Amino acid sequence: MAIDIDPDRLFPVEPAVRSRARALYDSVADAPIVSPHGHVDPAILLDNRPFANAAELFITNDHYVTRLLHAAGIGLQDLGVAVREGDVAAADPREVWRHFCDHWSDFSGTASGGWLRTTFSEILRVDAEPSAAVADQLFEAIADRLWRPEYRPRALFERFRIEVLATTDDPLDDLAVHREIAGTAALSGRVIPTFRPDAYLDPTVPGWRERVERLTAGVAGDGYRAYLDALASRREHFLRHGAVSADHGTLSAEVTHLTEREAAALYDDARAGRIDAREAARFAAHMLLESARMSVEDGLVMTLHAGALRNHHTDTFRRFGPDTGHDIPVPVDFVRGLRPLLERYGTAPGFHLVLFGMDEATASRELAPLAGFYPSVYLGAPWWFLDAPDAMMRFRAAVTETAGFSRGSGFIDDTRSFLSIPVRHDTARRVDASFLARLVMEGRVTMTEAERVIRDSVGDQPRRVFKL
Amino acid sequence: MAIDIDPDRLFPVEPAVRSRARALYDSVADAPIVSPHGHVDPAILLDNRPFANAAELFITNDHYVTRLLHAAGIGLQDLGVAVREGDVAAADPREVWRHFCDHWSDFSGTASGGWLRTTFSEILRVDAEPSAAVADQLFEAIADRLWRPEYRPRALFERFRIEVLATTDDPLDDLAVHREIAGTAALSGRVIPTFRPDAYLDPTVPGWRERVERLTAGVAGDGYRAYLDALASRREHFLRHGAVSADHGTLSAEVTHLTEREAAALYDDARAGRIDAREAARFAAHMLLESARMSVEDGLVMTLHAGALRNHHTDTFRRFGPDTGHDIPVPVDFVRGLRPLLERYGTAPGFHLVLFGMDEATASRELAPLAGFYPSVYLGAPWWFLDAPDAMMRFRAAVTETAGFSRGSGFIDDTRSFLSIPVRHDTARRVDASFLARLVMEGRVTMTEAERVIRDSVGDQPRRVFKL
Amino acid sequence: MAIDIDPDRLFPVEPAVRSRARALYDSVADAPIVSPHGHVDPAILLDNRPFANAAELFITNDHYVTRLLHAAGIGLQDLGVAVREGDVAAADPREVWRHFCDHWSDFSGTASGGWLRTTFSEILRVDAEPSAAVADQLFEAIADRLWRPEYRPRALFERFRIEVLATTDDPLDDLAVHREIAGTAALSGRVIPTFRPDAYLDPTVPGWRERVERLTAGVAGDGYRAYLDALASRREHFLRHGAVSADHGTLSAEVTHLTEREAAALYDDARAGRIDAREAARFAAHMLLESARMSVEDGLVMTLHAGALRNHHTDTFRRFGPDTGHDIPVPVDFVRGLRPLLERYGTAPGFHLVLFGMDEATASRELAPLAGFYPSVYLGAPWWFLDAPDAMMRFRAAVTETAGFSRGSGFIDDTRSFLSIPVRHDTARRVDASFLARLVMEGRVTMTEAERVIRDSVGDQPRRVFKL
């Protein structure tokens, strides 16, 4: 059976709304992609090697996909997910792909199913619906594409019309890859790093001591002050390499103010390995405040992704490591949690704080009211499980009446999957066009305003919010 | 005024979506009913006596109905609800029915109003809208139907095309009624029991000691181990009588792991009547874990209905007992609450855990992500207050993008009201058809996929999830 | 560019639904306005002076508007918001208005944008969209209107067809203004006071001691009992001046029962200034219970607005005072919080408790189930940030299936902005017509029922709930 991609997909069905949605979408469909936050490995753009195969490209490394196959009863080891103990052979990519094709029907109606289907058809131009019958044939057809020059990463980067692609990087990364990419002039768009310090801020993350040891190796002095200096210095390094933001991922959104004396004492305890979990969490919550202070000083946009309880199933974590599909959202209290930070820096000139959550109850209750008052606060686009058409539409409806359009971040794809980038941005544009078309037909915004809003949202808005 | 039942009821209004919804609905409208969880008294099917009268059938025993009449100012005693102290005469059913007819307009737009209206018209074929003017006439018309052979319980069971009807039963029930029904071959479908052990697991439930005394009377030994053996033995009894699931109703979803020594000590304290509320709650939370372990061992599907604060108004509870309309939902934390259980048994082969909640905020945040990873976790259908068209549609929209269709339980009617069973399943089929029709028209699933999904959802899905 | 006001604004787009929505709306479009809760200053109706200018009327005193301009980077001092230290000159109203016009596009899609646009066009009959280019011209055009006799407060009161307008007043207010208005017979509708005792009930509110000192100055005796007598006496004063309700605004919905001895001891501590924050909160939570008791006794309807964390940004509060745009909603637990109150008074004859919240998660989970059982509990209309078309529609969909239409309060505008009153009521009528039209087209209510419901909701329902 052929994949049937509807050119009017995701538009509301009512004809008058649909025609306006289509017109709004058409006005931005070909706009360049601004992607200020994501997880693509920049080395693929430097090396420009062909992607390996369909399984590695679409299944094994995408925990949105492996999780649904795991729920369907396929073990992660059979999907090629790296096993920590060395004694198990890697899964054959063809077998992995067959599992996926066998279970394609489980992806009906899901966000991942939507991305994959459109990517197969629109990006790879393979047009058969996955099924057990055509699994091998599809695997070959995709392999055939991947070896062609026009499917190498750089060619796709150009085809996708990417203006800016931000990666997410370890604070101690020397950013040589980014430097080399910038030096080659082989790409018409920019590839910029993002400072992601969580593992250096939170003493409960395994390996914190060793990491901080390395971080502070090159700075003068010792103790908490030297640690802050080292962080500031790495941020400076990132800024010199084009970084525009520092990204933080936390379980709660709780921020704590410690005096320098308290913070220094906890830091010393943590370095000495004599800190307990509770004190470590207080230190980490204080370091969010310090990150905000540094952002006020050096201008890096602060992004905060809050509310994922990581590695819910410990046995799977032990066997397969993190990012294996069992990070589960929990409620978040942005209002009281972030208050110490917003009290201090919420109105600081030039400070930008982009908030991302997965607790939909907070959208109208907390996020929109905060962004509707604090000049620093921006509404991050729907994220992770909510990065899907219906959820995106609920988000727009939940926040717009309180915060308008101007307090949004523009769309953020946050993806590891390079090939899905255009499809994701296309989806966001279709959903925004659909939301706006309804407001137009309900007499709430004029078509002229709607055109301005959607044009802004794909270009000037993310450029402005992320200081690009 | 005549009841006007629209054959296109509950379908979306836009004509293109409506015609697809109708086609999808038509493909399953006459499918047999699989009802793996509910509260019908099996004795009605054994005795096959006529239902008594309209008041007893539709008002007095349905706390969804009595609650709205209570809110309108009618005392429960005037609705025939049993008064605990013996000194009040039972209400006259005709008077009860008149109260209901007087207040019929208060049911406009409610789920109960919808069930009743459609049941009056489609099942009983009485076609006048209730009102003070026609109350007595309606009462007679219904009485006339109820005494006809075709309105006796078994005839209706056949007319409803029930394939499986699960009841909910006390662990010490000898299941003689079920055995006799199975023996008579008078029904073309199965009537199976469900093991419901709450009152034996939670020492805070009044009567726990006496109940556990009886439970353990027949087993060897004493203490906690004998108690576990007795529970396992009763589950075995239920399995031999066709049970497929064990049902649990809890305030929170909190599960606690106790060592056997701790559990045994708390058990002894509880038996001796020297346990406090907090320790009793810990023991009950531990017994959820033990129930899961038993399900892993004996294969009974575990269902968990979490988040109802029972008997909110103590004075009403004292006068009229439980299930009198003031069980109110509270927030539930499935993610942290169930973690100890899912850590141990979440990936156990063959284990099925069906989760039901009334806290809509958890649907996209917690339930869909859990069901999208754990092979054991299934999304229970919208339950209780959420078992209504708009709420069901919100549920589908909230979970499908993350978990797809395959992680659902199929529809669960969970009803005490035998006559409403076909109307409830019909509503679910209409809502699912409507949801799918929208996705089809938005280019998100093909009509072929939609047909497969809806067919599965009314038959193979509940059979698979409940091991029927 | 001219403001384009669609006569079908806010109606659903599908033509069959839209035509029914329009018919339902038309049946109530001209009904008089019953406004049982709001914040209009009654003195404007007594003095009947012209409104000063566009900035004062629409910007400076409306914290919904100033907050969005603040988020856009305009300081509150530049918007005319009173600065506490006397050393800053007040902003020029023309400059304030220019800031607003410069940022008009930030109001696209917001509730405030909708009110303003419709008010400019329909009430003031100025038809240019605000923009930097026309700012001064608009300011003049509005000034021109405001000086005409037909735009003075009393003329507008008549034009708006206001039947009842409730204000919100300090318990020690002598209500002379209300008495004089009632005496003049200059208005065809009633202007009635509302008893708002928060600042006298909660010892954590600054100035509580002085206020209670004044409150109890005129009553015999001393201590807690005299304090209760003084409150009851002021309620009596309000009742004599036509008040129908007592309004309470709280952070949580927590109610605590204290014995008279405990309450009296805490009261003495609070009066002596030796109470800590925790004990003060317990006393305030107890006084909610006392307010309910007084309502049971004297018949004042109790309204409760719960869940706003006031003055989130302390520095802004210090500089500009309260109600400056940074009150942010937090989660509320109505079920456990209100239980002590509902246990005692939930079924008390004649007691009316109208609940307002901004935590949408509670609508289907808590509010509708409570209102669907307790005869005293009514669902307050969507409030504050939720007082906007999409949010109102979500609220209707969330509560109706559980509680029906009869448990609602009717629309409450809760506004300080006199000129926006008709637009707000008009919006509510359009949204209700749209919600009902969908139910009609889905075969869930008949057109006859829908006509009854919407007629009731704008007239008899608020009259009944607020005992007007």
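The structure is a predicted model, in which local features require pLDDT of at least 70 and side-chain atom pairs count only at pLDDT 80 or more, whereas totals for chains, interfaces and linings use all residues. Residues are numbered from 1 along each chain as its sequence is written, chains are lettered from A and ligands numbered from 1 in the order in which they are written, and side-chain values use heavy atoms, with hydrogens and water left out.

Strand β4 (residues 245-250) of chain C is joined to β5(C) by six bridges, and the two run parallel; strands here are DSSP runs of E with at least two residues, helices are runs of H or I with at least four, and both are numbered from the N terminus. Two strands are taken to pair if DSSP finds at least two bridges between them. Strand β5 (residues 301-306) of chain C is mostly covered, with six of its six residues buried, where buried denotes under 20% relative accessible area, exposed over 50% and partly exposed the range in between (1.4 Å probe, protein chains only). In a regular strand, side chains alternate between the two faces of the sheet. In β5(C), C:Val301, C:Thr303 and C:His305 point one way and C:Met302, C:Leu304 and C:Ala306 the other way, all of them buried.

In chain A, four strands form an open sheet with parallel pairing, in the order β4-β5-β8-β9. The edges are taken by β4 (245-250) and β9 (377-379) of chain A, each of which has a single partner strand, so that one side of each is left without a neighbour in the sheet. Neighbouring strands of this sheet are turned by 25° against each other on average, direction ignored, with axes defined as lines fitted to C-alpha atoms, for helices over the stretch in contact, and angles running from 0 to 180 degrees between N-to-C directions. Helix α18 (residues 361-371) of chain A lies across β8 (353-357) and β9 of chain A and runs at about 130° to β9(A).

In chain B, helix α18 (residues 361-371) contains B:Thr362, which is buried, with a relative accessible area of 1%. Leaving aside residues up to four places away in sequence, B:Thr362 touches B:Val332, B:Phe334 and B:Leu367, contact meaning heavy atoms within 4.5 Å.

Over all chains, a search of the whole structure finds 76 aromatic pairs, a pair being rings of Phe, Tyr and Trp (its six-membered ring) with centres within 6.5 Å, counted as stacked for planes under 30 degrees apart, edge-to-face for over 60 and tilted for the rest. One of them, formed by C:Phe373 and C:Tyr374, is edge-to-face, with 5.0 Å centre to centre and 80° between the planes; C:Phe373 and C:Tyr374 are both buried.

Chain C can be laid on chain A with an RMSD of 0.0 Å by a turn of 120° and a shift of 0.0 Å along the axis, which is the relation of a three-fold axis; copies are superposed by least squares on the C-alpha atoms of residues with pLDDT of at least 70 in both. The copies use different surfaces, as 4% of the contact residues of chain C recur in chain A.
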